[in-house]
Amino acid sequence: MLAAVATFALEGVRPQEVTVEVDVRRGLPTFTLVGLPDRAIRESRERVRAALLNSGLDFPQKRLTVNLAPAHVRKAGPSFDLAIAVGLLAASGQVPSEGLTDCALAGELSLSGELRPVRGALNAALGARRAGYRRVLVPEANAPEAALVEGIEVSAIPSLFHLAELLHNRWTPEPTQPAVPGPDEPAPEAPDLADVRGQDDAKRALEIAAAGGHNLLMVGPPGAGKTMLARRLPGILPPPSFEEALEITQVHSAAGIGNGRLATQRPFRAPHHTISAQGLVGGGARPMPGEMTLAHRGVLFLDELPELARSAVDALRQPLEEGRVEITRGQRTLEFPANAIVIAACNRCPCARAGDRCSCTTLELGRYQRRLSGPLVDRIDLVCQVAAVPTAQLVEASGARPVRSVDVRARVVAARQRQLVRLAGTGVLCNGDMDGRLTRSQVPLEATVAGRLLAVRDRIALSGRGHDRVLRVARTIADLDGRDLLRGGDLDEALSYRLDAWQRVAA
Amino acid sequence: MIDACDACLRRAFLLAYLAPRIAGLLGAGDRRAHGLLALPEDALLKATAGKRLGEALGFLESLEVDRRREGLAAGGHVAVCRHAQPYPPLLHELADPPAVLFGAGRAEVLALLADEPAVTVVGTRRASPYGTEVAYALGRGLGAAGVPVVSGLALGVDGTAHRGCLDGGGVPVAVVASGADVIYPRRHRSLYERVRDTGLVLAELPPGTEPYRWSFPARNRIMAGLAQVTLVVEAADPSGSLITAEFAKDLGRCVAAVPGRVTSSVARGTNNLLKDGATPISGTEDVLDELFGVGARVAPESGRARVPPEPALAGVLEAAEGGDSVEAIARATGKTAAETRAALGRLEAEGFLVRRDLGGWERAAW
């Protein structure tokens with residue numbers, strides 16, 4: 001007899017439908033698994049056999065053939081266990097196969113017949129809905145995550161035995177609550193800007209970066225607080241919308257780092273500077289998401305930027321420009337989402353000493369700054385200083401009320417709202433994502449302001465790209481201030497944040 | 001333009017032929033070709049050729065000066081010997097003037113050098129941002145005032161002075177240690193081309209010759225000889241720039257230096273020069289006063305407002321001059337970070353501040 005069961009495999013973070021076909025017929029007892037399975041799937045034979053027998057079900061002593069279709073796609077991971085076991089049950093007539101036609105399932109089996117959680121349950125549920133299935137059967141631990149998908153019935157299955165009972169209509173699972181935080185549940189505590197003493201310049205730059213989605217370079221000596229400041233950016237970004245939260249959760253579920261609930265916070269990733277290109281943008285024989293993807297819709301922090309491998313920085317070109325990563329392996333191309341704000345940090349100069357005590361020559365400075373150049377620096381709109389805060393300021397009782405993240409976030413949300421309205425229909429969501437053409441059409445200048453910018457451009461040798469960058473940042477500054485028209489002051493401030501000003505020094 | 005007599009050309013090519021021998025004779029410690037270049041032909045041969053005297057004589061025998069001259073003309077080179085009229089008159093004051101000056105670029109510049117007093121700007125290859133800013137501003141100011149700026153096309157101060165002179169619309173003159181058509185250092189290719197196209201690249205060695213260790217101090221004497229004032233921007237001690245200054249002093253020309261921080265190693269040479277009586281330079285005007293007499297010629301840009309456009313910006317400018325962080329400037333002036341940034345951007349846009357390195361500012365030289 002023949003049975004077919006639908007399940008979903010992960011292609012990067014995208015769900016890929018796989019049909020598990022099981023054929024049971026008389027003959028010498030064998031178990032053949034075809035359809036490009038990896039080692040973990042081959043081993044599923046042993047898990048399936050033990051799980052069936054330990055659940056009081058029968059492992060047929062017949063000629064068994066299992067095919068994973070489409071047969072040309074490589075498949076990996078233990079999430080096929082459940083589909084294979086259920087296929088065997090249906091093909092050997094132990095469960096009715098009618099109930100299987102409109103549902104998809106995924107799960108790893110333990111030898112006792114219990115279901116273990118799998119990676120990417122949310123992705124599988126989304127795939128099942130898109131493919132038109134009515135119902136998705138997942139391990140109990142994955143159910144709240146899968147239930148985030150609306151318009152599909154999610155059943156939490158504790159064990160293989162329960163699943164057989166369900167197919168016989170002798171057991172009904174409890175309805176599953178989606179893993180969204182309740183209205184009275186306090187949001188998890190994000191690090192607050194108020195914890196940071198001083199650093200007003202960096203805080204202002206962070207606010208602009210958050211408001212316009214601009215990438216930021218922080219320059220300052222070691223120990224001045226660059227990492228501490230960067231960690232506070234997710235807390236001042238607008239809270240993720242439900243769609244964004246789903247995207248974040250999908251990525252984290254596929255990478256196996258999620259907590260099985262809807263992500264309520266934007267991710268913050270801070271890989272060490274020895275990270276490889278693959279680690280940063282994803283890769284490997286079985287492509288796994290890289291840090292840039294794990295930071296999707298959040299913040300990627302790259303400390304010690306000049307120490308990063310050249311190849312790693314170069315690999316950032318595509319995600320920075322397109323918000324996604326493409327990885328080609330053999331015949332197929334995987335795509336990972338990778339749209340994050342990048343905060344980079346570096347010292348002011350190789351010797352890292354402040355002001356007058358710096359002994360670096362122009363030659364050394366030039367060499368250091370040349371190491372910074374590349375696709376990342378081309379996409380950095382803002383550069384700010386993080387100076388060591390004087391000890392007196394650290395210990396004194398601060399008279400003024402420190403800036404709190406909630407207040408900054410409120411301003412950021414308002415500024416983002418203005419951008420959404422203005423940029424509606426352009427396919428771009430924030431000022432930081434505007435390209436040169438869009439910048440010039442979306443940032444109109446009054447004649448006096450435009451004339452001043454033109455004069456400045458000649459004096460300080462502003463490149464075309466630098467000019468666009470200044471306009472984008474000035475636009476965000478005006479948005480933060482709630483103004484439609486740009487003032488001269490916005491441009492002045494934006495000018496002071498620009499990065500491309502060292503031609504003469506580096507010559 | 002070729003204007004050189006047979007004897008002088010003969011000597012120039014002989015010098016190029018003997019150049020590796022001279023390098024061998026001088027060894028690592030001594031880079032100055034003491035007196036060698038002043039020797040007449042036969043004495044020079046005796047002093048340097050040694051056992052290879054026969055070979056060297058053979059070279060002279062087979063040297064076809066006319067053919068060489070034709071080759072130079074065909075290559076578009078400039079060559080003037082010390083008996084020719086366009087030869088810079090000031091160079092005759094040298095104890096060992098080069099027999100022939102080869103050049104690449106505009107030959108008219110030689111006439112300019114005869115009429116206008118020139119300034120030689122030299123300094124370290126490892127310039128600090130301060131030295132770079134000052135060298136650039138001096139080069140630009142002098143260039144704009146119509147004073148030819150002589151330098152050595154080296155990295156650091158030399159190249160920056162050329163660049164400033166070009167940006168100021170002046171006439172740059174580069175004296176190089178190689179042949180005038182050899183670009184050294186390679187990194188200065190585009191600068192070399194700009195200097196050649198607007199001004200003149202001069203050399204003592206014929207075209208195609210690579211530089212030798214001894215030819216750098218040798219070209220320093222030409223730089224010192226060409227100019228009324230030799231100005232050192234930043235120099236360690238000892239250094240090639242100090243050699244140039246010494247040549248200038250021996251010629252009785254004016255030696256000037258830009259004061260530097262006493263803690264900086266690249267300011268030691270210039271500060272020592274000042275202690276020994278060199279003229280301190282704190283702006284283009286000082287150099288112009290030295291050349292033409294006090295107030296006789298003013299730098300075209302000196303009329304520019306030195307006072308910030310708004311009084312509110314003065315405090316920020318003062319604090320920024322001290323190299324303070326944005327944070328410290330904001331504290332000192334009682335402004336918010338955003339207001340401070342706007343003020344800094346304005347001051348930079350108006351030319352009062354220049355970007356120093358990653359996100360820092362420095363007062364623009366002038």
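A helix crossing counts as left-handed if the near helix is turned anticlockwise from the far one by less than a right angle, and as right-handed if clockwise. This tour covers a predicted model, in which local features need pLDDT of at least 70 and side-chain atom pairs count only at pLDDT 80 or more, while totals for chains, interfaces and linings use all residues. Residues are numbered from 1 along each chain as its sequence is written, and chains are lettered from A and ligands numbered from 1 in the order in which they are written.

**Stop 1: the domains of chain B**

Select residues 2–300 of chain B for domain 1 and residues 311–363 for domain 2; these bounds come from an automatic or database domain assignment. The centres of the two domains, taken over C-alpha atoms, are separated by 40 Å.

**Stop 2: H7(B) and H8(B)**

Next select helix H7 (157–167) of chain B and helix H8 (residues 189–198) of chain B. Helices (H or I, at least four residues) are DSSP runs, numbered from the N terminus. The axes of H7(B) and H8(B) come within 11 Å and cross at roughly 50°; axes are lines fitted to C-alpha atoms, for helices over the stretch in contact, and angles run from 0 to 180 degrees between N-to-C directions. H7(B) is therefore oblique to H8(B), oblique being what remains after under 35 degrees (roughly parallel), over 145 (roughly antiparallel) and 65 to 115 (roughly perpendicular). The crossing of H7(B) and H8(B) is left-handed.

To display the contact (C-beta atoms, placed from the backbone, within 7 Å), show B:Gly159, B:His162, B:Arg163 and B:Leu166 of H7(B) against B:Leu191, B:Arg194, B:Val195 and B:Thr198 of H8(B). These residues comprise 3 nonpolar, 3 polar and 2 charged. Ala, Val, Leu, Ile, Met, Phe, Trp, Tyr, Cys and Pro count as nonpolar, Asp, Glu, Lys and Arg as charged, and the others, Gly among them, as polar.

**Stop 3: H9(B) and H10(B)**

Move to helix H9 (residues 215–226) and helix H10 (residues 240–250) of chain B, whose axes come within 8 Å and cross at roughly 45°. This pair, H9(B) and H10(B), is therefore oblique, and its crossing is right-handed. Residues to select in H9(B) include B:Phe216, B:Pro217 and B:Met223, and those in H10(B) include B:Ile243 and B:Phe247. The contact of H9(B) with H10(B) divides into 7 nonpolar, 3 polar and 1 charged.

**Stop 4: the contact with chain A**

Finally, display both chains: the contact takes 30 residues from chain B and 33 residues from chain A. On the side of chain B, helices H6 (129–144), H7 (157–167), H14 (326–333) and H15 (337–349) each give two or more residues. H15(B) gives the most, with 9 residues. The side of chain B that touches chain A holds 12 nonpolar, 10 polar and 8 charged residues.

Note on methods:
Two residues are in contact if their C-beta atoms, placed from the backbone, lie within 7 Å.
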